Amino acid sequence: MRNVLQTWTSAQVRAAEEPLLAAGVPLMGRAAFALHVWVADALRDRRGTLTGARVVVLVGPGNNGGDALHAGALLARRGVEVHAVLTADRVHQGGLTALRAAGGRVLRLERLEDAAALAVGADLVLDGVLGIGSDGSGLRGAAGALVEAIVQRGRPYVVAVDVPSGLGVDDGRREGVVLDADLTVSFGTLKPGLVLPPGARAAGRVEHVDLGLEPAGAPAVVRLEAADVADLWPVPAPDAHKYTRGVVGVVAGSRAYAGAAVLTTSGAVRAGVGMVRYLGDVADLVVAAHPEVVVGHGRVQAWVFGPGVSPDDAGQRRRIEYAVQHVRERGEPAVVDAGALDLLPPHVGPHAVITPHAGELARLLGQRGEAVDRADVEAEPLRWARRAHELTGATVLLKGSVTVVVGARGAVYAQADAPPWLATAGAGDVLAGLLGALLAGRAQAVQEDPSLAAALAAAAALVHGRAAHRANPGGPVAAQAVADALPGTIAELLGA
Ligand SMILES: NC(=O)C1=CN([C@@H]2O[C@H](COP(=O)(O)OP(=O)(O)OC[C@H]3O[C@@H](n4cnc5c(N)ncnc54)[C@H](OP(=O)(O)O)[C@@H]3O)[C@@H](O)[C@H]2O)[C@@H](O)CC1
Ligand SMILES: [K+]
């Protein structure tokens with residue numbers, strides 16, 4: 001994949017910095033210079049000029065504060081009025097000396113209210129309190145109290161140095177006080193917390209400064225970009241026919257939830273699968289909506305089961321059990337959604353993709369002995385998606401405003417492609433159908449490399465989100481409109 005956005009943990013970043021620091025590469029100087037350029041751009045955008053602009057630098061005890069102080073010094077030399085507030089007893093001495101020499105003013109955090117007022121009144125606050133040295137527990141002590149006082153007065157425009165202070169750098173957790181940013185300038189590599197829920201939104205816009213780091217091992221969390229879809233999509237060969245392109249079997253819907261059957265098959269049909277087979281009680285409605293759909297059993301390459309199915313529906317339950325048997329014995333890939341999550345066997349492989357939202361994941365984990373509720377999952381989506389993968393063996397696609405996917409071989413994706421409007425009834429059914437189509441089209445490749453299921457799940461989330469934007473840019477979308485926008489979205493992405 002070409003454009004995938006990669007993130008690396010604090011430990012990986014530190015290990016990658018070591019040889020460069022040992023060789024005397026001035027990493028902090030480079031970081032601070034790039035940071036001051038981004039801040040100058042932001043100030044010009046907001047005020048038109050640098051001269052007379054007021055920047056308050058919040059300085060913590062470590063090198064994150066050092067970056068901020070050096071950037072402050074460069075800004076002061078360009079006519080910016082810079083005030084540094086020292087939030088800890090310890091401070092980066094080189095940075096402090098540079099700022100003073102450039103004419104910046106330095107104050108210790110003695111009167112909280114005065115410092116908060118200074119920050120709130122500034123054109124821009126540069127947050128150098130805490131970087132990758134954070135212990136992950138939110139901002140404690142005087143720094144935490146200061147940030148609380150600032151936020152209470154009305155958060156000013158904030159540029160975060162490397163990461164928003166207090167954010168869980170490696171897991172995106174928001175515990176305790178976090179200073180949300182409008183812009184985050186991240187050094188060396190992006191960090192997982194900048195893309196993972198629930199913290200990702202704390203970062204605002206994210207810019208990356210390349211310091212020449214070469215981190216070892218696989219990236220911790222990745223995010224697919226539009227151009228990656230073409231590398232994953234099952235584009236038909238010139239001699240393709242419907243069976244080589246993939247057949248997806250759909251067990252969805254009931255008399256009570258007939259729409260789920262229509263929407264799931266819509267997702268699969270519009271995503272361009274070779275053929276859709278429907279199994280269920282509302283075949284008449286499905287075929288009326290999609291004459292392309294074939295009703296009844298037959299050979300399939302992948303399955304979707306669960307949307308609109310209640311576990312006490314004996315007919316659908318039987319069909320799902322039949323499909324599950326195929327998934328287990330023949331390794332056919334599957335999407336296991338909604339009502340079928342309760343029917344998931346104790347262990348399946350990563351070629352089965354479960355697609356719960358937070359509440360459904362909490363329930364699934366509860367059934368496997370984990371005392372966890374919806375709020376726990378929302379607070380630490382990656383942790384609990386990982387746990388579900390460990391316990392079930394399945395690839396986990398955890399739905400949310402940022403969708404997290406955990407699959408085989410440590411694959412983790414975080415996709416934030418959808419507008420908030422997509423949180424609407426039936427949208428998940430369309431996603432299940434769309435992903436089923438992808439798994440059917442790439443079934444053989446998934447059987448050879450089950451970690452591919454995670455990449456395909458992430459691609460499905462991306463395409464689904466983009467289709468929602470395309471269906472009605474900036475406004476409400478209905479699930480059927482998202483399905484109808486899939487062909488155009490896919491064509492655009494394949495041409496990207
Ligand atoms: N390494 C490099 O080459 C480069 C690094 N670079 C920069 O350095 C940054 C990393 O710097 P770092 O390692 O000094 O850690 P950093 O985050 O500044 O401070 C950690 C200290 O904060 C404290 N503390 C911890 N948790 C806390 C909490 N919850 N609430 C409150 N305080 C807390 C704790 O101190 P303590 O309180 O224990 O005295 C701890 O020691 C990195 O993000 C990047 O900006 C760039 O210049 C590029 C080159
Ligand atoms: K920071």
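Predicted model: local features only at pLDDT ≥ 70, side-chain atom pairs only at ≥ 80, totals over all residues.
**Ligand 1**

Select the 28 residues around it; Gly-62, Asn-63, Asn-64, Gly-131 and Gly-133 come nearest. Now colour that shell by residue class. It divides into 11 nonpolar, 11 polar and six charged residues.

Which helix gives the largest share of the shell? Select α3, which supplies four residues. Helices α1 (10–22), α2 (27–47), α3 (63–76) and α6 each supply at least two.

**Helix α5**

Next, select residues 112–120, helix α5. Show the side chains of Ala-115, Ala-116 and Ala-119, which are buried. They sit on the same side of α5, because they cover an arc of only 100° around the axis. Residues three or four places apart in an α-helix point the same way, because there are 3.6 residues a turn.

**A cis peptide bond**

Move to Pro-197 and Pro-198. The peptide bond from Pro-197 to Pro-198 is cis, with omega near 0°. Pro-198 is in the loop between β7 (183–187) and β8 (205–209). Leave Pro-197 displayed; it returns below.

**The C-terminal domain**

Select residues 225–493. An unreviewed UniProt entry lists this range as "domain: YjeF C-terminal". Over this range the chain is 48% helix and 13% strand. Its end C-alpha atoms are 10 Å apart.

Zoom in on Gly-400, in the loop between β16 (395–398) and β17 (403–406). Is Gly-400 buried or exposed? Gly-400 is buried, because 20 other C-beta atoms lie within 10 Å, and 20 or more is the cut-off. Setting aside neighbours within four places in sequence, select what Gly-400 contacts: Pro-197, His-357, Ala-358 and Pro-381.

Step to Ser-401, also in the loop between β16 and β17. Ser-401 counts as partly exposed, with 15 C-beta neighbours inside 10 Å. Beyond its neighbours within four places in sequence, Ser-401 is in contact with Pro-197 and Pro-420. That brings back Pro-197, from the cis bond to Pro-198.

**Gly-359 and Arg-374**

From Ala-358, go to Gly-359. Gly-359 is in helix α12 (residues 358–367). It is partly exposed, with 13 other C-beta atoms within 10 Å. Draw a distance from Gly-359 to Arg-374, 15 residues apart along the chain. Their C-alpha atoms are separated by 4.7 Å.

**Two positive phi angles**

Finish with two backbone angles. Select Ala-338, in the loop between β14 (334–336) and β15 (352–354). Its phi is near 40°, a positive value in a residue other than glycine. Ala-338 counts as buried, with 24 C-beta neighbours inside 10 Å.

Then select Arg-409, in the loop between β17 and β18 (412–415). Arg-409 has a positive phi of about 55°, although it is not a glycine. Where Ala-338 is buried, Arg-409 is exposed, with 11 other C-beta atoms within 10 Å.

How values were computed:
Residues numbered from 1 in each chain as written. Chains lettered and ligands numbered in written order. Buried ≥ 20, exposed ≤ 12 C-beta atoms within 10 Å, placed from the backbone. Arc of directions from axis to C-beta. UniProt positions renumbered as here; feature names shortened; annotations may be inferred. Contact = placed C-beta atoms within 7 Å. Near = placed C-beta within 6 Å. Nonpolar A, V, L, I, M, F, W, Y, C, P; charged D, E, K, R; others polar.
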